[in-house]
Amino acid sequence: MNGYARYWIFFVIVAIGLVLSWGQVGRKTRQVMAEQDVVYLQTESPCRPRERPCAAVAADRALVLGPDGAGLRLRQAGFDAGGLLGVEFEFLGADGRDIVESGSGKSAPPWQIGEPPAAATGLRVSVLTNSEKTVAEFPL
């Protein structure tokens, strides 16, 4: 076996391993998505929720994020009030990763989010109901 054949076999083994691992990722993602319906909302443009209210909408629901005296306030429309389980929010950094500061609210809407951290460039909001999860991302 010459030198090139050894390298060729190594790269073939690595390629097969990558194909198999990505197949597992796809199956796991499909399984998670099948367990709970997720609705993604489209954020209007331009969106500056620190200055004025900004909406993220779908065909039958909306989330509105706007300024409040103590930070930001989130309101909802189109959700069944009896089916709301709560809301989760995560501040996002410039690289799109979560910043440590996040929270959740189980109270009735509107939800008080508070002042975003200085490093935050976005806010991901997830509204949980009995049957599905609704997600919106707002720029800050």
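1. Let's start with the aromatic pairs: the structure, a predicted model, holds 2 of them. Rings of Phe, Tyr and Trp (its six-membered ring) pair if their centres lie within 6.5 Å, with planes under 30 degrees apart called stacked, over 60 edge-to-face and the rest tilted. Phenylalanine 10 and phenylalanine 11 have ring centres 5.3 Å apart and planes at 70 degrees, so this pair is edge-to-face. Phenylalanine 89 and phenylalanine 91 are also edge-to-face, at 6.1 Å centre to centre and 75 degrees between the planes.

2. Phenylalanine 89 and phenylalanine 91 are buried. Phenylalanine 11 has 52% relative accessibility, so it counts as exposed, while phenylalanine 10 is partly exposed because its value is 48%.

3. Now have a look at the sheet. Strands pair if DSSP finds at least two bridges between them; β2 and β3 (residues 54-57) have 2. In one of these strands, β3, alanine 56 is the bridge partner of threonine 43.

4. A reading note: residues are numbered from 1 along each chain as its sequence is written, and side-chain values use heavy atoms, without hydrogens and water. Local features need pLDDT of at least 70 and side-chain atom pairs 80 or more, while totals for chains, interfaces and linings use all residues.

Notes:
Helix = DSSP H or I, 4+ residues; strand = E, 2+ residues; numbered from the N terminus. Buried < 20%, exposed > 50% of the residue type's maximum accessible area, 1.4 Å probe, protein only.
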